[in-house]
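Visitor: I would like to learn how to read a few features of a structure. Could you walk me through some with me?

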Amino acid sequence: MALAAQGFGQAASDRVDRRRFRALARRLGVIQLDSVNVVSRTQYLPPLARLGPYPRDLLETEAWGPRPSLFEYWGHEASLMPVELQPLLRWRMADAAAGAGIWKGVARFGHERSGFIQSILAEIESRGPATGGDFAEGPRGQPGWWSWSDGKRALEWLFWTGRITTRTRRNFERVYDLTERVLPEAVTTAPTPDRAEAQRALLRIAARAMGVATATDLRDYFRLPSEDARARIAELVQSGDLTPMTVRGWNRPAFADPGARRPRRVEGDALLSPFDNLIWTRDRTERLFGVRVRLEIYTPAEKRRRGYYVLPFLQDEAITAAVDLKADRAKRTLRVQAAWREPDTDGNTASRLARALRSMGEWLSLDRVEVAGRGDLADDLTAALD
């Protein structure tokens, strides 16, 4: 149920067009963004895992083209979401304007520098799209994440509160513009649902995208406040929009989307981004697959157990392996820096993983796949690639 809800096990197609891409985006509800490009920025990988090789510029057109079907905002984390979800997140934008649910430094800046922020908004309104670099004058904070200029802080506050959004990206830097100049008029003029109604709608989307989930899983999908999520889930159960159920081996009650498909079997192979919707909640991943998936990007190199950018390998209904990958673009090589077995590894895992790696390499316009030799699956994978 969980895999089918996430769009796995669909018939492969020789051509992925806008219709199929948009249908997947609506099914998932949210695609996480991240800047790490050691293999590919994460937003490109969930469609690859579900649809197979697709034109990478298709995502860029849908997210940042002249008529986008996706928009950027805080969904799970920084995310791409179908534009029709924008009204459902206006309560979060209103909270941000009041200083709630927003980074403390940005909230404080919004309170203390409201006049300056309005001048930045007026500048964008008159001049057009802008980046943080266009407003780089002014004092900066300590080195690191908070070494933003006041102009950048103002832009972040305006983004959080929905006054501006991302028109496009240049080398992954946001180019901001007024929301009403980026999103379709039908979206920006749509009525604003009240907080409870919007949160119920988001939870229904989460339930459809997860198939079966605990209350915590459902809340986390769009990062809803705990108390709000508790109340909304109870309301959805009462209305019949969520079906309570028990899952053997889970120590918490579960809920299912009443329309969730229950296929007898899901087949297919996929390399999963560490930020993929299916596995971004580590506790849920363990409950579903019996494997521990850990993100070690922010772990010091000497303390990493498996590697920097590790992609689990989904083989039918099990995670059977994990590979630490790096795209060496200069040498046109997809490097497998480590390959690891999982408890459900079987005699076909190495060959199926090799096929998936070759397919990813071709999609990335790389000519070959090479294994570095680390990990207990490395030798078998090397043989399968030969």
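Guide: Welcome! This is a predicted model, where local features need pLDDT of at least 70, side-chain atom pairs count only at pLDDT 80 or more, and totals for chains, interfaces and linings use all residues. Residues are numbered from 1 along each chain as its sequence is written, and side-chain values use heavy atoms, with hydrogens and water left out.

Visitor: At what angle do the axes of α6 and α7 cross?

Guide: Two packed helices are described by the angle between their axes and the distance between the axes. Axes here are lines fitted to C-alpha atoms, for helices over the stretch in contact, and angles run from 0 to 180 degrees between N-to-C directions. Helices are DSSP runs (H or I, at least four residues), as are strands (E, at least two), numbered from the N terminus. For helix α6 (residues 104–112) and helix α7 (residues 114–127), the axes come within 5 Å and cross at roughly 90 degrees. That makes α6 roughly perpendicular to α7 (65 to 115 degrees; under 35 is roughly parallel, over 145 roughly antiparallel, the rest oblique).

Visitor: Which residues of α6 and α7 meet?

Guide: Contact means heavy atoms within 4.5 Å. F109, G110, H111 and E112 of α6 meet S114, F116 and I117 of α7. By class, this contact of α6 with α7 has three nonpolar, three polar and one charged residues. Ala, Val, Leu, Ile, Met, Phe, Trp, Tyr, Cys and Pro count as nonpolar, Asp, Glu, Lys and Arg as charged, and the others, Gly among them, as polar.

Visitor: How do α6 and α8 pack?

Guide: α6 and helix α8 (residues 150–160) pack at an angle of about 95 degrees, with axes 9 Å apart. They are therefore roughly perpendicular to each other. V106, F109 and G110 of α6 make the contact with D150, R153, A154, E156, W157 and W160 of α8. These residues divide into five nonpolar, one polar and three charged.

Visitor: What span should helix α11 have?

Guide: The expected span of a helix is 1.5 Å times one less than its number of residues. Helix α11 (residues 195–210) has 16 residues and should span 22 Å, which agrees with its end C-alpha atoms being 22 Å apart. At the start of α11, a side-chain oxygen of D194 reaches to within 3.2 Å of the backbone nitrogen of A196. After α11 comes G211, with a positive phi near 80 degrees.

Visitor: Is Q43 buried or exposed?

Guide: Buried means under 20% relative accessible area, exposed over 50%, and partly exposed in between (1.4 Å probe, protein chains only). Q43, in the loop between β1 (31–32) and α3 (45–51), counts as buried at 1% relative accessibility. Its side chain reaches the backbone nitrogen of D34 at 3.3 Å. Not counting residues up to four places away in sequence, Q43 touches residues including L59, W64, L80 and F172.

Visitor: What joins the side chains of R352 and D316?

Guide: A polar contact is a pair of N or O atoms within 3.5 Å; within protein, one must be able to donate a hydrogen and the other to accept it, and residues adjacent in sequence count only if both atoms are side-chain atoms. One of 2.8 Å joins the side chains of R352 and D316. R352 sits in helix α15 (residues 349–363) and is buried, with a relative accessible area of 16%.
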